[in-house]
Amino acid sequence: MAAASALRADTDMKSSNHPDPAAKGALCAADGPKSACGLPSNVVIDMSKAAVTHTDAEWRALLTPEQYRVARLQGTEPSFHNAYWDNHEDGVYFSVCSDTPLFDSRDKFDSGTGWPSFTRPIEPRFVQVQSDTSLGMVRDEVHCATDGAHLGHVFDDGPPPTGMRYCINSASLRFMPRKQYDAWVAARAAAAPAN
């Protein structure tokens with residue numbers, strides 16, 4: 001599980017106060033203790049500890065059949081025939097099963113696979129990796145730590161700076177444009193209790 005080890009290493013490498021606000025990637029400048037996704041660290045900790053749970057019937061009612069098949073039943077959508085593989089808008093990808101930001105478009109790259117691919121999660125605490133032995137092979141499955149949604153798999157054949165390729169199903173994601181995301185972060189930060 002080399003990819004899982006790299007994910008844990010990436011968690012340690014992310015600085016909560018990146019020195020260059022214009023730097024490429026999801027890391028952002030912070031005036032105080034903020035995470036890589038722009039939220040105050042205490043909000044990230046609270047979000048990563050929260051569990052979004054529903055019954056199977058509730059998930060079926062909340063999601064489209066394709067979202068349910070992929071996110072709840074560990075399915076895979078067709079390559080090159082999904083919503084975000086060729087999306088070039090600036091913004092953030094959330095879990096389709098909760099209000100959890102997972103990947104930043106600044107970390108997205110064209111892997112040639114036909115699925116959205118990212119070099120890293122926007123906040124490592126929101127993504128978990130576990131061994132997947134389905135289909136007669138061993139892979140590192142990626143899922144949302146908050147709601148358990150199956151996202152896809154992570155491989156160690158990505159580009160710099162991480163060398164990782166988070167190959168993610170569009171059906172497990174919803175996209176929020178950058179301005180809307182910035183407003184979402186501001187609202188969450190304003191509502192957060194002081195440390």
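Trainee: How many aromatic pairs does a search of the whole structure find?
Mentor: The search gives 10 aromatic pairs, and please keep in mind throughout that this is a predicted model. One of the pairs is phenylalanine 94 with tyrosine 181, which is edge-to-face, with 5.9 Å centre to centre and 70° between the planes.

Trainee: Where do phenylalanine 94 and tyrosine 181 sit in the chain?
Mentor: They link distant parts of it, being 87 residues apart: phenylalanine 94 belongs to strand S1 (residues 91-95), while tyrosine 181 belongs to helix H5 (residues 178-191).

Trainee: And are those two buried or exposed?
Mentor: Both phenylalanine 94 and tyrosine 181 are buried. Tyrosine 181 also has a ring partner in tryptophan 184, and that pair counts as stacked because the planes are at 20°, with the centres 5.7 Å apart.

Trainee: Which element holds tyrosine 181 and tryptophan 184?
Mentor: Both lie in helix H5, three residues apart, which is about one turn of the helix.

Trainee: Why does tryptophan 184 count as buried?
Mentor: Its relative accessibility is 11%, and the cut-off for buried is under 20%. Tyrosine 181 counts as buried for its part because its relative accessibility is 3%.

Trainee: Which residues form the aromatic cluster?
Mentor: One cluster is formed by Tyr84, Tyr93, Phe103, Phe118, Tyr166 and Phe175.

Trainee: Switching to charges, what lies over the face of tryptophan 59?
Mentor: That is arginine 72, at 4.0 Å from the ring centre.

Trainee: Now the sheet: in what order do the three strands come?
Mentor: The order is S2-S1-S9, in an open sheet with antiparallel pairing. From one strand to the next, the twist averages 30°.

Trainee: How many bridges join S1 and S2?
Mentor: They pair over three bridges, in the antiparallel sense, and valine 92 has aspartate 104 in S2 as its bridge partner.

Trainee: What does H5 touch on the sheet?
Mentor: H5 packs on the sheet and touches S1, S2 and S9, with its direction at about 90° to that of S9.

Trainee: Last one, what is the mean pLDDT of the protein?
Mentor: The mean is 82, with 76% of the residues at 70 or more. Over residues 1-32, however, the pLDDT is below 50, although this stretch has 55 contacts in the model beyond near neighbours in sequence. Where pLDDT is low, the predicted coordinates should not be read in detail.

Note on methods. Residues are numbered from 1 along each chain as its sequence is written. This is a predicted model: local features need pLDDT of at least 70, side-chain atom pairs count only at pLDDT 80 or more; totals for chains, interfaces and linings use all residues. Side-chain values use heavy atoms; hydrogens and water are left out. pLDDT is the predictor's confidence in each residue, from 0 to 100. Contact means heavy atoms within 4.5 Å. Rings of Phe, Tyr and Trp (its six-membered ring) pair if their centres lie within 6.5 Å; planes under 30 degrees apart count as stacked, over 60 as edge-to-face and the rest as tilted. Helices (H or I, at least four residues) and strands (E, at least two) are DSSP runs, numbered from the N terminus. Buried means under 20% relative accessible area, exposed over 50%, partly exposed in between (1.4 Å probe, protein chains only). A charge sits over a ring if NZ of Lys or CZ of Arg is within 6 Å of the ring centre and within 35 degrees of the ring normal. Two strands pair if DSSP finds at least two bridges between them. Axes are lines fitted to C-alpha atoms, for helices over the stretch in contact, and angles run from 0 to 180 degrees between N-to-C directions.
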